[in-house]
Amino acid sequence: MHSINSDIIRAVLTDDLGRAKSLLEENPDELPLLAELLDRAQEKPFPLSHLKANDPDFVIFFPSYTCGVGCQMCCTGFSNKTQLYENYFHMSPEQFDSYLPWIQNSTYVIFCGLGETLESPHMINFLEKIQDKISIIYTSGVPLTREKIRDLIKAELKILTFSFDGNTTLGHGSGNPDYIRKFWEKVDWIEQLKKEMNSIFPKVNLNITVSQDNQDELSELIDTAQQHGIQEVTIDPMTSIDNRNFKKTVFADFENSKNKINAVLDRWNSEGVDVTQTGFTKSFNDASCCPYLDNWLSLIGTSPTTVKAGVCNGLLEVPKSIEDFDSKENWNSFPIRYLRYLHFCSPKESKPMQCQHCILTNLKNYADISITRNSGEIRKSADPLEIYRLASNLKAEKTWARARQEFLKSLENHHDFSLKGRAYFHLGEIELNQKDYPEARKYFELAVQYNFEHDLAFAYLYFLVMIDPPSQIPARKEKFDASKLVNANYDKYLKMNS
């Protein structure tokens, strides 16, 4: 259920200023600083309105929130449980159908898991509704039977990507020899049943999560894959969300691991197997341009009635007021336009901190900050959260000067991006109260850089950019052409099997 404040903010961020004005007039005690900014921005053009984009080419669904494989490396919580939610196990057909308009203009529809994708009882139903698209399923393969494979072939699944990590105890099957034998047996079933049913689909790919446990086995694993007919392999780095396994990630000794992995990628790509990092680059290095922005819309169920959207494959969250993406206007809402502005028209130092330290596109920065956060060093300064709380109390008392001083102090000597974003937000509100709009804008820009999901910071920034738009905006850089890259591999497969 939306609050009045979230309704006002949503109206602002989706350019529905008539509704925002009406709601603010009906609720004069709500968001008075925002109402004041709206009055100052009357008749001005919408901010960054030139940074709209076509619908995404990749629409990603997370259809299952259950998994019984129990991988130790799992970053979504299944290392010690089999379901994420108490009474919500799978995305419903009704939820899927409500997002069919997003599929209409897409080329690729991907089903991957917070859990095991094929545990969803609705997968065949979903596939039957999108047979004109290039459909991709990611799976451990555990639920696959010969009958299920036949059903997938009949439903015209185009690509089946298996997730498997070799002998490592951290990954799928925990290195169990029986699991490994059954895994490759199921890969072979696909080819057998395709011949039996006279179909070239699904194409079979492999996804490997790499860690220090299996990086020395990587070349052997790719060799085994190509012996089983797999010619396309994606390498993803293992994460350590709860820090328990950080020392086993490649980021604990990044340069050494990078050199080993790049040698493997170079070898197999030279031998004709398509091996990429995260599916978009043939080396384990930083990306020059985000492959997801303007290409990617992910849709994750969180309850029987709620689906939240994402526009990246990493940790960047969009503001809650627009995250349901129940209409096309959300795709071109102000936070998404602003994200394009930061990526395509600004220096890289302006990007959100999650982007600057992305595990998929900025590997070196991610490694550096991971080592710092996992170093175990005792913070020598005072607790920044306690300082932040003191500053918040001072702000509530309108003791502006002391509040500003304490918020600035709370920013020191830590890497808690969310806390820093909230501190910058409050500094921005202090400047709004003092009518210093340029200084307020500086702080709100920092607020969303550190905490991109901050709804109200974006609403304030909307009007501050509207009141004083950038005098010169550099020509927009081209987005990463992810569709062209994936299409090339798909077309290659079609030619080989026609």
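A search of the whole structure finds 30 salt bridges, a salt bridge being a side-chain nitrogen of Lys or Arg within 4 Å of a carboxyl oxygen of Asp or Glu. The model is a predicted one, in which local features need pLDDT of at least 70 and side-chain atom pairs count only at pLDDT 80 or more, while totals for chains, interfaces and linings use all residues. Residues are numbered from 1 along each chain as its sequence is written, and side-chain values use heavy atoms, with hydrogens and water left out.

Helices (H or I, at least four residues) and strands (E, at least two) are DSSP runs, numbered from the N terminus. Both R337 and D15 are buried; buried means under 20% relative accessible area, exposed over 50%, and partly exposed in between (1.4 Å probe, protein chains only).

Other salt bridges lie within a single helix. In helix α2, K21 and E25 are four residues apart, so about one helical turn separates them; their closest N and O atoms are 3.4 Å apart. K21 is partly exposed because its relative accessible area is 29%, whereas E25, at 55%, is exposed. Helix α13 holds D368 and K364, again four residues apart and separated by about one helical turn, with their side chains meeting in a salt bridge at 2.9 Å, N to O. D368 counts as partly exposed at 36% relative accessibility, and K364 counts as partly exposed at 34%. Elsewhere, salt bridges that share partners join D178, R181, K182 and E185 into one network.

N330, in the loop between β9 (306-310) and α11 (334-344), is counted as buried because its relative accessibility is 0%. Beyond its neighbours within four places in sequence, N330 is in contact (heavy atoms within 4.5 Å) with R10, I322, D324, F325 and I336. The side chain of N330 also reaches the backbone oxygen of I322 at 2.8 Å. The C-alpha atoms of N330 and L13 are separated by 8.5 Å, although these residues are 317 residues apart along the chain.

T361 sits in the loop between α12 (353-356) and α13 (363-373) and, at 8% relative accessibility, counts as buried. Residues up to four places away in sequence aside, T361 touches D286, A287, C290, P291 and C355.

Conventions
Polar contact = N/O pair within 3.5 Å; in protein donor to acceptor, adjacent residues only side chain to side chain.
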